[in-house]
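Please read them with the structure open.

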Amino acid sequence: MIGYLTGKIISRKPTQILLDVNNVGYLVNISLNTFEKISETEEKVSLFTYLAVKEDSLTLYGFYSISEKELFEALISINGIGPKLAQNILSGISVDEFKDAIISKNLARLVSIPGIGRKTAERMLIELREKIEKVSDQNIEKNNFNFTVKDDAIAALVGLGYNQKVAEKIIRDVISQNPQITLENLIKESLKNLSK
């Protein structure tokens, strides 16, 4: 089983990366969240990996953080969710937001992920309730941060016309630098970063 790769980036797309590891090219499927974390200037990257084995194919999935890999494994343990759909889910929501949605039973947030219907979202709420606690907190925002503040800030930016995905990323970056920030300052700092 291939659990971890470090290699030179040969090519990158939002859902795939080609890595040269000791002159062997590994085609690795990645989520948009992992793609965003890989800097344009990086020549080498290290990814946690999961090898999906089927009768007719071997498919490698890569993750920037161990928590994303653990969530991927929890997702594919659910009946009806395969690796491709799990990759799609991880592209539509960050690990910390997903954990929060499961813990707070936020069905609407899960249904808003592209490719996820109501039945699948309900199944995730039921089956992941206990497993979600085992997903590592590595690379997750501070647990004591008030998620209502974060959600209100995202809603404010979306209300101003910014793309939700972009708003979530900017707010996540601001919170990681200042976990105790107030709602007003979070919106101000996010707007500053968006205007750069």
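1. Two strands pair if DSSP finds at least two bridges between them. Helices (H or I, at least four residues) and strands (E, at least two) are DSSP runs, numbered from the N terminus. In β3, L27 is the bridge partner of L18. The strands β2 and β3 are antiparallel and share six bridges.

2. On the source: this is a predicted model, in which local features need pLDDT of at least 70 and side-chain atom pairs count only at pLDDT 80 or more, while totals for chains, interfaces and linings use all residues. Residues are numbered from 1 along each chain as its sequence is written, and side-chain values use heavy atoms, with hydrogens and water left out.

3. The strands form a closed five-stranded barrel in the order β1-β2-β3-β5-β4, with mixed pairing. From one strand to the next the twist averages 55°. (Axes are lines fitted to C-alpha atoms, for helices over the stretch in contact, and angles run from 0 to 180 degrees between N-to-C directions.)

4. Strands β1 (residues 4-13) and β2 (residues 16-21) pair in the antiparallel sense over five bridges, and R12 stands opposite I17 in β2. The hairpin of β2 and β3 has two residues between the strands, and N22 there takes a positive phi near 50°. The pairing of β3 with β5 is parallel, over three bridges; I30 faces G62 of β5 there.

5. Which helix lies across β4 and β5? Helix α2 does, running at about 15° to β4. Helix α3 packs on the sheet and touches β3 (24-30), β4 and β5, its direction making about 20° with that of β5. Contact here means heavy atoms within 4.5 Å.

6. The side chains of N29 and Q16 are joined by a polar contact of 3.2 Å. Such a contact is a pair of N or O atoms within 3.5 Å; within protein, one must be able to donate a hydrogen and the other to accept it, and residues adjacent in sequence count only if both atoms are side-chain atoms. Leaving out residues up to four places away in sequence, N29 touches several others, among them T59, Y61, K84 and Q87.

7. Rings of Phe, Tyr and Trp (its six-membered ring) pair if their centres lie within 6.5 Å; planes under 30 degrees apart count as stacked, over 60 as edge-to-face and the rest as tilted. There are four aromatic pairs by this rule. Y4 and F48 make an edge-to-face pair, 5.2 Å centre to centre with 65° between the planes. Y4 is in β1 and F48 in β4, so this pair ties together parts 44 residues apart in sequence. Y50, Y61, F63 and F72 are linked by ring pairs into a cluster.

8. In helix α6 (residues 118-128), the buried residues are T120, A121, M124, L125 and L128. They lie on the same side of α6 because they cover an arc of only 140° around the axis, the arc being that of the directions from the helix axis to the C-beta atoms. These buried residues pack against α2, α3, α4 and α5. Exposed R118, K119 and I126 sit on the face turned away from the buried side.

9. In α4, seven of the nine residues are buried, including F98 and I102. Just after α4, K105 has a positive phi of about 55°.

Terms used
Buried < 20%, exposed > 50% of the residue type's maximum accessible area, 1.4 Å probe, protein only.
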